[in-house]
Amino acid sequence: MHERDRARRGRGLSVPKKNAEKAIEFLKASGLLDTALAIIKDGERVVLPLRSEGAKILETLLSIFEADLVEAEFAEKQRRPRSIREALSTTLPQAILEKLPSSYDIVGDIALIHLPRGVEQYMSLIGEAIMRVNPSVKVVLGEAGVVEGVFRLRRLVHLAGQRRTTTTHRENGCVFQVDLSKSYFSPRLSGERMRIAALAGRGETVADMFAGVGPFSITIAKHSGAKVYAAELNPDAYSLLVKNIELNKVRGLVRPLHGDCKTVFLQNQVRADRVVMNYPSDPYSFLESATKILKDEATMHVYGFAEEAEAWRRDLEMRVSSLGLACRADVRVLREVSPRRRLMVADIAVCV
Ligand SMILES: C[S@@+](CC[C@H](N)C(=O)[O-])C[C@H]1O[C@@H](n2cnc3c(N)ncnc32)[C@H](O)[C@@H]1O
């Protein structure tokens, strides 16, 4: 028998619908309501499941609520587990439970979990557990290894649910079509995208050097009204970027550019008030190209991995100064990636 169909015979209080709310409140306060069982709706009456103890007080209830004491078949309520560890607590060995990450990303209706070594044989159980914890998740993908290559792609394994890597993700009032196997996307920087959008002004020109499927470019355009040039090298990410510009109705504000950001902005004579450099694995190779497209006074938002914020701030100021520009950097730590590696962003005000 399916868990959802399980039922238990027990005593219930049958009350007219009009008294149901008050009767539930009363039964809860006096500890008489059996909250593990579901309430039965029976035409103009509802039947409230009762715990077996507390018989005396019932006499009073019957007269207050014009109630009858009945015998009924109550369905047992399903309680959803709150975490994958809880969902798998009786299924997996403790040593495996301890290896499971405590969090995972949700992109649209896809859950994306980083798979630690040693859990390979339990992959589908882990996937199904994630779907029980999050009923809106329809696909679970495991991420084996780290984000790789110039296009920053993940090696994905299917764990549970439908077999697809495409989904539609919503954040900050924008909508993004994503294909996790062909293009980079992470929901983790959604707050950061809004922060940059709030800094950008209407009438500004922004250059998004590593646009991906467009989350920075589109969020900035939609919320600030700035004109954004969005460069992307990966043809699959670029075609999703073009689709997402249409979907979000920002065609007049975001201009997609397919190609290498080192050359494509110069070819299109872009001069920017603000440059977004979301390529944290190697921002340094692109600093010089970024400075070539800046207006006389401009801001660069550089994302990178570093251990210590102040040391990274000084290092970036030195690198930009060595390109002949006066600058002042502010650094904020966005998240811990490992004990000695943090994702940071530097807002660098530059004077050419
Ligand atoms: C870390 S992802 C960031 C994507 C996007 N900003 C986001 O938040 O989802 C970096 C992106 O830069 C693209 N890329 C790498 N090298 C590039 C280059 N030289 N010119 C333009 N895009 C590049 C990759 O294909 C990838 O989509």
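Me: In which sense do β14 and β15 pair?
Reply: This is a predicted model, so local features need pLDDT of at least 70 and side-chain atom pairs count only at pLDDT 80 or more, while totals for chains, interfaces and linings use all residues. Residues are numbered from 1 along each chain as its sequence is written. Strands here are DSSP runs of E, at least two residues, helices are runs of H or I, at least four, numbered from the N terminus, and two strands pair if DSSP finds at least two bridges between them. β14 (residues 272–277) and β15 (residues 294–306) share 5 bridges, and their sense is parallel.

Me: Which residue of β15 does A272 stand opposite?
Reply: β15 covers residues 294–306. The residue there that faces A272 is L294.

Me: Which strands stand at the edges of the sheet?
Reply: The open sheet has 7 strands with mixed pairing, in the order β13-β12-β11-β14-β15-β17-β16. Two of them have a single partner strand each, so one side of each lacks a neighbour in the sheet: β13 (254–258) and β16 (326–338).

Me: And how many degrees does the twist average from one strand to the next?
Reply: Axes are lines fitted to C-alpha atoms, for helices over the stretch in contact, and angles run from 0 to 180 degrees between N-to-C directions. On that basis the strand-to-strand average is 15 degrees.

Me: Which helix lies across β11, β12, β13 and β14?
Reply: Contact means C-beta atoms, placed from the backbone, within 7 Å. Helix α8 (residues 235–247) lies across β12 and β13, at about 165 degrees to β13. The one you want covers residues 215–224 and runs at about 175 degrees to β12 (227–232): it's α7.

Me: Is V333 buried, partly exposed or exposed?
Reply: V333 sits in β16. A residue is buried with 20 or more other C-beta atoms within 10 Å of its own, exposed with 12 or fewer, and partly exposed in between, with C-beta atoms placed from the backbone. V333 has 13 C-beta neighbours inside 10 Å, so it counts as partly exposed.

Me: What does V333 touch, leaving out residues up to four places away in sequence?
Reply: E308 is 25 residues away along the chain, with 9.0 Å between its C-alpha atom and that of V333. The residues V333 touches are A309, R342 and M344.

Me: What's the radius of gyration of the protein chain?
Reply: Taken over C-alpha atoms, the globule rule is 2.2 Å times the number of residues to the power 0.38. A compact globule of 352 residues would come out near 20 Å, but this chain has 28 Å.

Note on methods
Two residues are in contact if their C-beta atoms, placed from the backbone, lie within 7 Å.
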